[in-house]
Amino acid sequence: MDIGSLAANGFSWYMMQHQSAQGDSTSALTLSSVKAVSMNFSHQIVQYLLSGFSTGAIYSLIGLGFAIIYNSTGIINFAQGEFVMLGGMLTYFFLTVAGIPLFASIILSVIIATATGVIFERLAIRPLRNATPLSLVIITIGGSIFIRGIAMLVWGKDTHAIPMFSGTEPLFLAGATILPQHLWIFGITILIIVINKLYFYYSISGKAMRACSYNRNAASLVGIDVRRMVLFSFAISSAMGSVAGMIAAPLTMTSYDVGVMLGLKGFCAAIIGGMSSGIGTVLGGLILGVLESLGAGLLSSGYKDAIAFIILLLILFIRPRGIFRKAETERV
Amino acid sequence: MKRLVSLFSVFLALFVFATSSIAANPIRIGALFSVTGPASFLGEPEKKTLELLVRDLNSKGGVQGSKVELFVYDTQGDATKAVQLATRLIKNDKVVVIIGPSTTGETMAVMPVVEKERIPLISCAAGIKITEPVKRWVFKTPANDHVAAEKIFNYAAKLKQRKFALLTVSDSYGASGREQIRALAAKKGLTIVADEVYSPKDTDMTPQLTRIRGFKPDAVICWGTNPGPAVVTRNMKQLGLKIPLYQSHGVASKKFIELAGAAAAEGVMLPAGKLAVYDLISKNDPQLKVLREYDQMYRKAFGTEASTFGGYAYDGFQLVINAVRKAGATPDKIRTGLEQTRKMVGVSGVFNMSPSDHNGLDLSAFEMVRITRGDWALAR
């Protein structure tokens, strides 16, 4: 709640600044029609940016999940999108079907999604420690199909709506609108990123995970239990994915198959960020979200999904280490 | 030796018995529905409906003294599978008529097969290309998209709306709707000021709607099936857009209101098949009895409200039975019978087929409805 209102205050302040700057720049124009058009256009741009940031924040969280597992195991976990789906669907299930209050539903869903991630690692990844990364990646694809199939059998094929966390009335900011749910998305994303940073830099197990990402053998030699760190990375990623799924679900709705597209978009974000489990992937997600939104608004809405994949291909061709990573930086 | 002979005679008896039971000439009806896969929201109620109807008919003694034997296959929404399964229905199962497939793409793929094998096909897909131009062996039960589009424009004319923004889904349903709307608007001299699309899995349409707002249309027409239109409806509320919104007949189910939320869906208008609103339509409506019967039968069997999509299969089956009664049970006679269908009251409308019209529905197939306080209300 605090985070939400904090973010709201911060945002409205930013918007006020923006609006006054807007007023100054346009007041110089004498033609009222030109003014109206430019106001209208700038309102549109603000709206595109806001939409882009909110979808981008979700992509960031999913991308971070990819990056954390990649850094500790060297594999791309293509089941990441399914944890996003589980976050949304479990919340729907507890809230609507089981009738548990929102806050408790969220906690329960995160716990179950995390447990699923841990079980997935135990049953599908750990027994095959000596397999090549490629076979492990294929196993994660199998895992994702399996989880999706179970979800379809249990919850059916329908799309489900989840109520907003607080309020449904849009807030008007500088000619653009956002919902209270967007503030929740921004707030929770920032909170998770901060916790993530603190964990990796100031806790023993976080530092141990970073050590594993630099050099697994060396980490093992100084007494770090690498296997446990891999398990941790799956737990953290699945928890993060499920949170992304549940904060987005009130806006986007959820169904058993939302994980596919979101997983791919999160993967794009992580690639843009060079698989860093820090600010790089976060920026990658935001850039992706904003470009999609601007592309759909200004160019053509037909190319919205294509934009993400064109960026992905360009980066893989031109700069495979991501646009935010210098040649030699840390990977965590 | 004696034992062998007796064994043989038992087999012979069994064989004779088995063939004699077939000799009562069951009518073999084939069905292709996309029960799983992306179009399962169509195929699932269609399959359930058809199986229910066949069971019901057989328990009442069948049609013209013969039972109906049903062969249903799941195409998974895949055109290649649909073609293979259609061939299997015709060659192995020796069906005399096929009901389905569920989607336009699959139907287009199956059409050459049935034309060649001379087996009548009653498609449950809405695409206009299925029956225009008319193919000898192909019929369909859902009304054409342009009938729904015309219903919207006729209503919009009453409200003096002349500038429209389109927001259509980028699949075959949306593409067909977009094409029909554009053609119809050109014919009626109306302007399409914006023509935006979204992909079926999109979760945020605010960019498209923001762009549409810039063009100041009199109304927005959204053409898609759930969940996209629900997202559009929510996004319009989020953006504070006060422009009237029309949806297509593809979302005429309570699920849409549930997904969009009653508050956001308030005032949304759409042409709905009468099944969704049968308790609102006039008491003298010829369809009322059929609609009520179908809905109650479906609710009793499956515990959920009947959907328009299941209605397509319902109509397909009734058309077949009607044709068998009228003309006979061979593929050729069924085809002739189908073409001679007059005033057959179904779920999708009242069918009047002819050699030049293999759909047989008109504007009366739809009612314009407006969503009011989370429920349907007739828009007058």
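Q: How many helices and strands does chain B have?
A: This is a predicted model, where local features need pLDDT of at least 70, side-chain atom pairs count only at pLDDT 80 or more, and totals for chains, interfaces and linings use all residues. Residues are numbered from 1 along each chain as its sequence is written, while chains are lettered from A and ligands numbered from 1 in the order in which they are written. Helices (H or I, at least four residues) and strands (E, at least two) are DSSP runs, numbered from the N terminus. For chain B, that gives 13 helices and 14 strands.

Q: What pLDDT does chain B average?
A: pLDDT is the predictor's confidence in each residue, from 0 to 100. In chain B, 94% of the residues score at least 70, and the average is 89.

Q: Where in chain B is the pLDDT below 50?
A: Look for a stretch that has zero contacts in the model beyond near neighbours in sequence. A contact here means two residues whose C-beta atoms, placed from the backbone, lie within 7 Å. The stretch with pLDDT below 50 is residues 16-23.

Q: Is strand β13 of chain B mostly covered or mostly uncovered?
A: A residue is buried if 20 or more other C-beta atoms lie within 10 Å of its own, exposed if 12 or fewer, and partly exposed in between, with C-beta atoms placed from the backbone. β13 takes in residues 366-372, and five of its seven residues are buried. So by that cut-off, the strand is mostly covered.

Q: Which residue is the bridge partner of B:Pro271 in β13(B)?
A: Two strands pair if DSSP finds at least two bridges between them. Strand β10 (residues 269-273) of chain B runs antiparallel to β13(B), and five bridges join them. In β13(B), the partner of B:Pro271 is B:Met368.

Q: Which residue in the turn between β13(B) and β14(B) has a positive phi?
A: β13(B) and strand β14 (residues 375-378) pair in the antiparallel sense over four bridges, with B:Thr372 partnered by B:Asp375. The two strands form a hairpin with two residues between them. The turn residue with a positive phi, about 45°, is B:Arg373.

Q: Which helix gives the largest share of the side of chain A that touches chain B?
A: In all, 24 residues of chain A are in contact with 27 residues of chain B. On chain A's side, α2 (32-73), α11 (279-299) and α12 (304-318) each supply at least two residues. The largest share, six residues, comes from α2(A).
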